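Here are my notes for your first read of this model. Keep the 3D view open and check each point as you go.

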Amino acid sequence: MTADHRLAPSSRAEPRTGPRADPRTGPRTDSPAAPASPPARRTAYGKETWGEIAFLLLDLPAAVVGFVYAVTTVAVGAALSVTVIGLPLLAAGLAGARGIGRSERARARWLLGVDVAEPSRLPRAGGTLPWLWTRLKDPVAWRTQLYGLIRLPWGVVAFSVTLVSLVALWPVLPFIARGLAAADRAMVRGLLSPSDELERRIAELETDRGVVVDTAAADLRRIERDLHDGAQARLVALAMGLGLAKEKLHEDPEAAAAMVAEAHGEVKLALQELRDLARGIHPAVLTDRGLDAALSSLAGRCTVPVAVTVDLGERPAEAIEGIAYFTVSELLQNVSKHARARTASVEVWRTEDRLLLQVRDDGRGGARLDGPGTGLAGLAERLGAVDGLLVVDSPEGGPTTITAELPWRARPS
């Protein structure tokens, strides 16, 4: 999370209306809104105008290349589709169309300032038939071919009008170029841009998958380290102590009894460490009694008094419940370590298809997603991996309000 999301600390969040939207409760009234800076005025023969003129003059040669390529590849591939080589030729032509689309997007980006995202690469297909089918049903390549077909008549018109205006209609050339370039921008955005929602979602899921894998690996390393350095080392020492006590049992019963008593204390400590480790993996109280009891248990271990309010008509899915628990756990640890607070509160509620958690404290404030030592950035990444959101409102001097938003999934009956 890099954007500065803020939530009014005195009220609950409303449901978001789109992907990764902020759960805002309304405009803040504690400070006046900054005035919007006026857009820079465009000069008649500035850099933008000359870029548009250059793009329009290049329309004709680019349109000829795109038209010839589209007609040739589609016509030859369709005509030979009754033979063995027809469909492979058509698939190869569609694969090459992606390169033409890439060059046209670069030209529009350079001369028109149209920032069109590059589509995702096609997945690697093992074998000839999967490769062939993936290329034949590629929507990006087919839209690029359609772009090449309809561009030729438009390219002739745009080139001719721009050339005549450049010679004979010099005073109105900037306005003509702007109007023609607007049509070009519309075609580039409409036919050469990827499917925005799908492509964004694919990129988002790819990033989230990497975060989930890294988080799982880090958790496994943490569990292994805690077992090796904690309970395992203590049990090894316990075994050695009991071995020495066994040797001294007949020679020095009093010393053996003292060593057994010491070993008994070590057993208690090892059991406590194992309980803490199990609680860090998945606490039993969460499985047995749900979020209300589990968060109350967390609040009891916090160094400041914490009021817990859970307003849920039913329990969420186990995975969402576990993420909610560990999110509150980490936030309360931050309160204990960094906030210097006197009191804190935890609220949990559901709003339509979202589960919201809000942790408040009256400490010194100053918490930031990019702040050192708080772990909020990592927590925001882990929430983002499950389509969640973390909102931080922590002015210097406090109070701090941190809201986490998770997707709601009902527990299967």
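1. Salt bridges come first. The structure holds 11 of them. A salt bridge here is a side-chain nitrogen of Lys or Arg within 4 Å of a carboxyl oxygen of Asp or Glu. Side chains of opposite charge can pair when their charged atoms come close. This is a predicted model: local features need pLDDT of at least 70, side-chain atom pairs count only at pLDDT 80 or more, and totals for chains, interfaces and linings use all residues. Residues are numbered from 1 along each chain as its sequence is written, and side-chain values use heavy atoms, with hydrogens and water left out.

2. Start with arginine 107 and aspartate 59. Their side chains form a salt bridge, 3.2 Å from N to O. This pair links distant parts of the chain: arginine 107 lies in helix H2 (residues 86-111) and aspartate 59 in helix H1 (residues 47-79), 48 residues apart. Helices (H or I, at least four residues) and strands (E, at least two) are DSSP runs, numbered from the N terminus.

3. Are these two partners buried or exposed? Arginine 107 is buried, at 11% relative accessibility. Aspartate 59 is buried too, at 0%. Buried means under 20% relative accessible area, exposed over 50%, and partly exposed in between (1.4 Å probe, protein chains only).

4. Now look at glutamate 321 and arginine 315. Their salt bridge is 2.8 Å, N to O. Glutamate 321 is buried, at 2% relative accessibility. Arginine 315 is partly exposed, at 28%.

5. Arginine 342 and aspartate 362 also meet in a salt bridge, 3.8 Å from N to O. The pair links distant parts of the chain, 20 residues apart. Arginine 342 sits in the loop between helix H10 (318-339) and strand E2 (344-351). Aspartate 362 sits in the loop between strand E3 (354-361) and helix H11 (376-384). Arginine 342 is exposed at 63% relative accessibility, and aspartate 362 is partly exposed at 28%.

6. Which residues make up a network? Salt bridges that share partners join Asp59, Glu104, Arg107, Arg151 and Asp184 into one.

7. Check H10 next. This helix has 22 residues and reaches 30 Å from its first C-alpha to its last, close to the 32 Å expected at 1.5 Å a residue. The expected span is 1.5 Å times one less than the number of residues. Just after H10, arginine 340 takes a positive phi of about 55 degrees.

8. Strand E5 (residues 400-407) has 8 of its 8 residues buried, so the strand is largely enclosed by the rest of the structure. Thr400, Ile402, Ala404 and Leu406 point one way from E5. Thr401, Thr403, Glu405 and Pro407 point the other way.

9. What pairs with E5? E3 does, running antiparallel over 8 bridges. Aspartate 361 stands opposite threonine 400 there. Strand E4 (residues 389-393) also pairs with E5, antiparallel, over 5 bridges. Leucine 390 has alanine 404 in E5 as its bridge partner. Two strands pair if DSSP finds at least two bridges between them. The hairpin of E4 and E5 has 6 residues between the strands, and glycine 397 in this hairpin takes a positive phi near 95 degrees.
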